[in-house]
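Let's take a tour of a protein together, one piece at a time. Have the picture open while you read.

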Amino acid sequence: MLSVSPFGLQPVPTRVIWHESMLAYTFGDHHPMHPARLDLTARLARELGIFDAPAISLGEPFVASDAELGLAHNPSYIEAVKAVSSNPESSREDVGLGTEDTPAFAGIHEASARLAGASLAAADAVLSGEAVRAVNFGGGMHHAARDRASGFCIYNDAAMAVQRLLDGGVQRVLYIDIDAHHGDGTQSIFWDEPRVMTISIHESGLSLFPGTGFANEIGGAGADGTAVNIAVPAGTHDAAWLRAFHAVVPQIAGAFAPEALVTQHGCDGHSDDPLSNLRLSVDAQRQAAMTIADLSRRLCGGRWIATGGGGYNVASVVPRSWTFLMAVAAGVPLPPSTAVPPKWREYVLERYGKAPEIMSDGADTWWRSWEVGYDPNDAVDRTIMATRKAVFPIHGLDPWFD
């Protein structure tokens, strides 16, 4: 179902890490983080021909070893997860396991370590040169900290991918997080690491979990300016969100000069998602992915590892958003007007009673450039300026004009 690209996209060798064994990461039928969102994404990508595109090769995940999990987590925490995995009745709420958000289940260690192994496999493919880019749409567990589970996340696969790149000789890694929720775990893991910059654009912690990610969180001693937070207000829509993204991310990324990107593409900022208060479209998420693809080309020879993340409109939003992500990463033509494949649509209709007809939401993704001026009466502009004032001068940038 792929067509000739109207956008002049160039194919980029891309490794997609996927296997049905990743569906074992499940907190139960009534939990928002349902593995059906991964299954439906894979089915949609397959029906659209994404998995068969010449630029894409499929790779399988592996269960990360304790040493590999130690790239992002303390040994005592790993042991706690393994103990709960063997006996889920012995919850460890002191480390975030067995809570309402993050219930314990038998096999939780192996299931979580497999998602982590998928992002490590992605990093290995990029480091080896087997691929320029890689996608693990089953990853993006950005709330997990070194010593604690949180917000549906057990092991922080994205942080492990970042560390794998550093250990493989990459000098600077830029992590960009566009989930509706602040990427607090990844930020905390690299708080004191000057070789890693974390940028998170998210709904303000004043109205959404985890209650962090404000402009004054800029990194630890010796790493000032390597944590960048754009905390947009509840109700932010496409144009304002894209304005905020483009008023901060390209400029600060250019100043940091990364050698590789790792990104988290939680799509729970969508207007139909039940767990955030943002008003975004699939089209805005796609536009952000396209900008990130361009940044990777301009700044680091195309090297880019993309993960999934949050996203709780299982049947409609998540599959389309992450299928677009794979297509953008690989330079595969997938116009927004592309019809959803009938077989996939029938499958979703039968199970959920509602299914999209086209890949796009039909949204207008125009945004007002920062160059046209700052409006102090606009809440999003005030957010942008707070972030720019906090970090731009550290990198030799003018918060008003650059």
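Is tyrosine 374 buried, partly exposed or exposed? Tyrosine 374 has 29% relative accessibility, so it counts as partly exposed. Keep in mind as we go that we're looking at a predicted model.

## Rings around tyrosine 374

Tyrosine 374 has an aromatic neighbour in tryptophan 400: the ring centres are 5.7 Å apart and the planes meet at 75°, so this pair is edge-to-face. It ties together distant parts of the chain, since tyrosine 374 is in the loop between H10 and H11 while tryptophan 400 is in the segment after H11, 26 residues away. Tryptophan 400 comes out at 43% relative accessibility, so it is partly exposed.

Now look at the whole structure, where a search turns up eight aromatic pairs. Tyrosine 374 also pairs with tryptophan 370, with ring centres 6.0 Å apart and planes at 40°, so that pair is tilted. Tryptophan 370 has a relative accessible area of 7%, and because buried means under 20%, this residue is buried. Elsewhere, ring pairs join Tyr25, Phe27 and Phe105 into a cluster.

## The sheet

What order do the strands of the sheet come in? There are eight of them in an open sheet, lined up as S2-S1-S3-S8-S7-S4-S5-S6, with parallel pairing. Strand S2 (56–59) and strand S6 (227–232) are the edges: each has a single partner strand, so one side of each has no neighbour in the sheet. From one strand to the next, the twist averages 15°. As for what holds a sheet like this together, strands pair through backbone hydrogen bonds, either parallel or antiparallel.

Let's zoom in on strand S3 (residues 133–136). Strand S1 (residues 14–17) runs parallel to S3 and is joined to it by three bridges; arginine 15 has alanine 134 of S3 as its bridge partner. S3 is also joined to strand S8 (residues 304–307), again in parallel, by four bridges, and here arginine 133 stands opposite tryptophan 304 in S8. Further along the sheet, strand S4 (residues 173–177) pairs with strand S5 (residues 196–203) over five parallel bridges, with isoleucine 176 opposite isoleucine 199 in S5.

## What covers the middle

Which residues of S3 are on each side? Arg133 and Val135 are on one side, Ala134 and Asn136 are on the other, and all of them are buried, so both faces of the strand are covered. Helix H4 (residues 108–128) lies across S1, S3 and S8, running at about 175° to S3.

Alanine 111 is part of H4. With a relative accessible area of 4%, alanine 111 is buried. Leaving out residues up to four places away in sequence, alanine 111 touches Ala24, Tyr25 and Phe105. Alanine 111 and leucine 23 are 88 residues apart in sequence, yet their C-alpha atoms are 8.2 Å apart in space.

## The nonpolar core

In soluble globular proteins, nonpolar side chains tend to be buried together. Here, the largest nonpolar core has 132 residues, and the members touching the most others are Ile50, Phe137, Ile154, Tyr155, Trp241, Ile252 and Trp304.

Proline 356 lies in the loop between helix H10 (342–352) and helix H11 (379–391). Is proline 356 buried or exposed? Its relative accessibility is 11%, so proline 356 counts as buried. Setting aside neighbours within four places in sequence, proline 356 is in contact with Ala315, Ser316, Arg320, Val340, Trp344 and Arg345. For a sense of distance, the C-alpha atoms of proline 356 and leucine 261 are separated by 31 Å, and the two residues are 95 apart along the chain.

Last stop: charges over rings. The charged end of arginine 351 sits over the ring of tyrosine 347, 3.5 Å from the ring's centre. Arginine 286 lies over the face of phenylalanine 324, at 5.5 Å from that ring centre.

Technical notes: Residues are numbered from 1 along each chain as its sequence is written. This is a predicted model: local features need pLDDT of at least 70, side-chain atom pairs count only at pLDDT 80 or more; totals for chains, interfaces and linings use all residues. Side-chain values use heavy atoms; hydrogens and water are left out. Buried means under 20% relative accessible area, exposed over 50%, partly exposed in between (1.4 Å probe, protein chains only). Helices (H or I, at least four residues) and strands (E, at least two) are DSSP runs, numbered from the N terminus. Two strands pair if DSSP finds at least two bridges between them. Contact means heavy atoms within 4.5 Å. A nonpolar core is a set of buried Ala, Val, Leu, Ile, Met, Phe, Trp, Tyr and Cys residues joined through side-chain atoms within 4.5 Å. Axes are lines fitted to C-alpha atoms, for helices over the stretch in contact, and angles run from 0 to 180 degrees between N-to-C directions. Rings of Phe, Tyr and Trp (its six-membered ring) pair if their centres lie within 6.5 Å; planes under 30 degrees apart count as stacked, over 60 as edge-to-face and the rest as tilted. A charge sits over a ring if NZ of Lys or CZ of Arg is within 6 Å of the ring centre and within 35 degrees of the ring normal.
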